[in-house]
Amino acid sequence: MPLRVFLILSLAMLMCGAAHNVEGQMRKPETEPGVPRELARRRAEHYSDVRYALDVTIEPGAKMLKGRLKVTASLDSDAGDLVLDWRVPKDVDPRSRVSDIKANGKKVDDARFVNEHIVIPRAHLKTGANNVEMSFESPISASGSAVTRYLDREDKSEYVYTLFVPSDASTAFPCFDQPDLKARFALRVTAPETWRVVSNTDSFIQPEFDDTSGGLPKSPPKGMLWRVFKETVPLSTYQFAFAAGPFEELKDDASPYKTSLFVRKSKAERAKKELAEVFRLNRESLKFFEGYFAHKFPFPKYDLILIPEFAYNGMEHAGATFLREEGVLFPSDPTAGDIAARAETLLHENAHQWFGNLVTMRWFDDLWLKEGFATFMAYKAVEALMPEYNAWKVFHLRTKPLAYLTDVTKGTTPIFQEIPNLSAAKSAYGNIVYRKAPSILRQAEFYLGEREFQRAVRLFVKEHAYANATWEDLVRAFERTSRRKLDAWAAAWVKRRGMPDVRVSWGVNRRGEIIRFEIEQRDALGEGGAWPMKVKLLLAPTAPGARPETLTVTLGGAGATSVPEAIGKPRPAYVFANFEDYGYGRFLLNNTSRNYVVRRLGSIKDDFLRALLWDSLWESVREAELAPDDFIDLAVREAPKERDDVMLGFILARVQTAYLRYLSDAQQTALAPRLEGALYEGMMRAETAGLRITFYRAYRETATTVEARKILSDILADKLQVPGMTLRSRDRFDIVRALIARLGDGEADEKLADDFLKFAVKQDSSDDGRRYAYAAGAARGDASVKKRYFDQYLRDKDLAESWIEASFGPFNTPRQSALTLPYLGDALAELPTLKRTRKIFFVNGWLAAFIGGQCDARAASTVSDFLARTPALDRDLRLKILEAADGLERCVRIRARYAAESSDAARPAP
Ligand SMILES: [Zn+2]
């Protein structure tokens, strides 16, 4: 059947709403919406040498981006029709946003608009180079579009920026929106002369246009400038970006990479205070990566652009990384943990310039490759450039627990995720890609050897520079340099979901010598998985001062591995099977070890080891093997001895979860004075400001007694100071949020809540202040307030995504679960819409908040009923729900085991 006839027929069938089967069988890839894998494959095979020339106009306040596009592509003789991706909002006719289509200079009247594509018939094309031109327009809005406008209320300035990842470039202009059709982008922007415009390359101002033969204007409109950006090296569509507005440009004169930091005018003074360290890390990390990858910085310049309320921490556009403004310009006095988090983001985006931008995944199923490498390499840079941090300890604290949090659930996925259509690519983002993948790379480096690993990475970068590659290409490189077969290794870690549970057991004779020693690996999900892994085993000595034994052990897979090297060694005080954290899995202590560690944690001098043991103990709490109040007791005793606020923050975050979620009301009331006392002591008297601030934050979140709330009010009113901490706007709103979350719904409480909010707003009515106020207001324990917020989430089209994201946590304050439970079902029902319309991490945050705010059997059955009732729910959403529901089920289980009993006597021995 000729394609055209087929298309007309299938369109007609679609309009009749019938014949799905026939259509399903015969459907051509371009007739599917989104970017189907098959279409992408075909285009990558038959199209090459792609170039985009974009000429766009950004008028102040305009609701549309207007532009002219010229796409050049070389087509082979089998290329068929040319298929561009072009996605418009559901209620808009895609034809209405495109006009004046030409192919090779001739008008095209018969372009077809089929399911988010523009199809240029082959009759207009030839084998070899072709060009297609058209005018287009696409939305600019505060929320929900790829081109976003941010209005700064402080000085009435506006900033416009793009965010195309994973496949939203095709909502801004027609293109081939897939990572493996890399193209050269040329860009001209018409924008107000008082603005700055930044994109992937350097720009110059074009005073006038000398060729007016086509009726084109000779000069830009009055008050506007033409800025021309030099053509890029080959980039994927998601790596292309621009931002425009009255930015202040701060140059790093010391950088050989031509770096400027762009910041909105109203934050320029604030930014100058952070410049020295941000620029130092930026310069030195790029140099470090050049050395590690043995490849010079791959783009002609490198700018950092701070975007207010940016949807992610950062986005690595080639040569122009966008960073969330609040992640760089701390809204509160920073702790060492905050500084480490900022460094991780900056170094992660910088590493992406090689791993991601220079060498790009072929398809988003390999998203993990670039994300895993970016984080792993970020910590290699931390190790080299920030010696005051123990890089791999921080890596553990910030990475592993989050990976395990997801990977132990029924909602987990392999790090390699099948993505049949890029419309589902957003679901690939989460802990598995961001936290498990770098953990696997750390294991890979240990498994293969540091030198072999680095040589393979260099080989991979060299062979695929400015092109695309898959994980198999990397595994082949590993095999070449290590001379080992890695099929089984790669299949277990890349293609299989889940993680191992690793436990040790041993026996000793009467003389106290080890006669039997085994490490057993089991699939934590019980799905029969086995993971080849190399770990360091620690046998801690019973005698104080004696040297600990470490043994390197390779676990072949499932079942028990005996460790003959341990035989004959003296009885250990405790054993930990993941010393120095090369392994990946749940490494629980057995009873003997756990009892010892709980008693003697403070005497373990090695920081990194202590961090791993804290984490292991926390996993025991999550497994309902260690009582949450025992964990809190331990923290009250030991946390004040910690000297590193990254670690202290890690411990106290778990104390908060144990206290707010796992304890019954009665247990909380009983424990409150002691916990508050210890935290107060820390926030007033700990050695460094970073430690005091860390204690203060935990105090604020857990304060329940009248006395503690009075102390918070005093801090809010500047009657009391946390020594060394400046109370900033963000801190005021955080106190207000914490205080009003504990109020009831009576009239007096309502007034009190209003007063608190007014007080904070009076001191900061900026845009940030208004967002904080909105978020804090969601914490009101009042049914009518919850209803108002929830209605806005679903219906208020002008409500910025960042405002919703800031508020759904406070909305779901754990102690208000009775008030928020009625919204759980609706929140789940909303998921398909949210997946379609919101940015990448929104759905994860939404589920974490709405399910995470609950801890009882009714909530658990709301979730399981929804899953049972909605069999047609997308698989990725189903998995995300299962992931979030794991925390809820654990909470129910832990409370059932430990919260019901009041006396210690009734509790099973730990
Ligand atoms: Zn990344």
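In the predicted model, β8 (residues 128–141) pairs with strand β9 (residues 147–152) in the parallel sense over 2 bridges. Two strands count as paired if DSSP finds at least two bridges between them. Helices (H or I, at least four residues) and strands (E, at least two) are DSSP runs, numbered from the N terminus. Serine 141 stands opposite threonine 148 in β9. β8 also pairs with strand β2 (residues 64–75), in the antiparallel sense and over 12 bridges. Here leucine 69 has methionine 134 of β8 as its bridge partner. Strand β4 (residues 98–103) is another antiparallel partner of β8, with 4 bridges. In that pairing, lysine 102 stands opposite glutamate 133 of β8.

Residues are numbered from 1 along each chain as its sequence is written. As the model is predicted, local features need pLDDT of at least 70, side-chain atom pairs count only at pLDDT 80 or more, and totals for chains, interfaces and linings use all residues; side-chain values use heavy atoms, with hydrogens and water left out.

Confidence was examined next. pLDDT is the predictor's confidence in each residue, from 0 to 100. The chain averages a pLDDT of 93, and 95% of the residues score at least 70. Over residues 1–26 the pLDDT is below 50; this stretch has 23 contacts in the model beyond near neighbours in sequence. A contact means heavy atoms within 4.5 Å. The pLDDT is also below 50 over residues 902–910, a stretch with 11 contacts beyond near neighbours in sequence. Where pLDDT is low, the predicted coordinates should not be read in detail.

An open sheet of 5 strands has the order β16-β17-β18-β20-β19, and its pairing is mixed. Its edge strands are β16 (247–251) and β19 (314–315), each of which pairs on one side only. β16 and strand β17 (residues 260–264) are antiparallel over 5 bridges. Phenylalanine 247 has arginine 264 of β17 as its bridge partner. Helix α6 (residues 336–352) lies across β18 (303–307), β19 and β20 (320–324). α6 runs at about 160° to β20.

Two helix pairs were also described. Axes are lines fitted to C-alpha atoms, for helices over the stretch in contact, and angles run from 0 to 180 degrees between N-to-C directions. Angles under 35 degrees count as roughly parallel, over 145 as roughly antiparallel, 65 to 115 as roughly perpendicular and the rest as oblique. A crossing is left-handed if the near helix is turned anticlockwise from the far one by less than a right angle, and right-handed if clockwise.

Helix α8 (residues 391–407) and helix α14 (residues 607–622) cross at roughly 15°, and their axes come within 10 Å. The two are therefore roughly parallel to each other. α8 passes α14 in a right-handed crossing. Among the residues in contact, Trp392 and Tyr404 belong to α8, and Phe608 and Arg622 to α14. The contact divides into 8 nonpolar, 1 polar and 5 charged residues. Ala, Val, Leu, Ile, Met, Phe, Trp, Tyr, Cys and Pro count as nonpolar, Asp, Glu, Lys and Arg as charged, and the others, Gly among them, as polar.

Helix α18 (residues 689–702) packs on helix α19 (residues 706–716) at about 125°, with the axes 10 Å apart. α18 and α19 are therefore oblique to each other. Their crossing is left-handed. Tyr696, Tyr699 and Arg700 of α18 meet Ala708, Ile711, Leu712 and Ile715 of α19.
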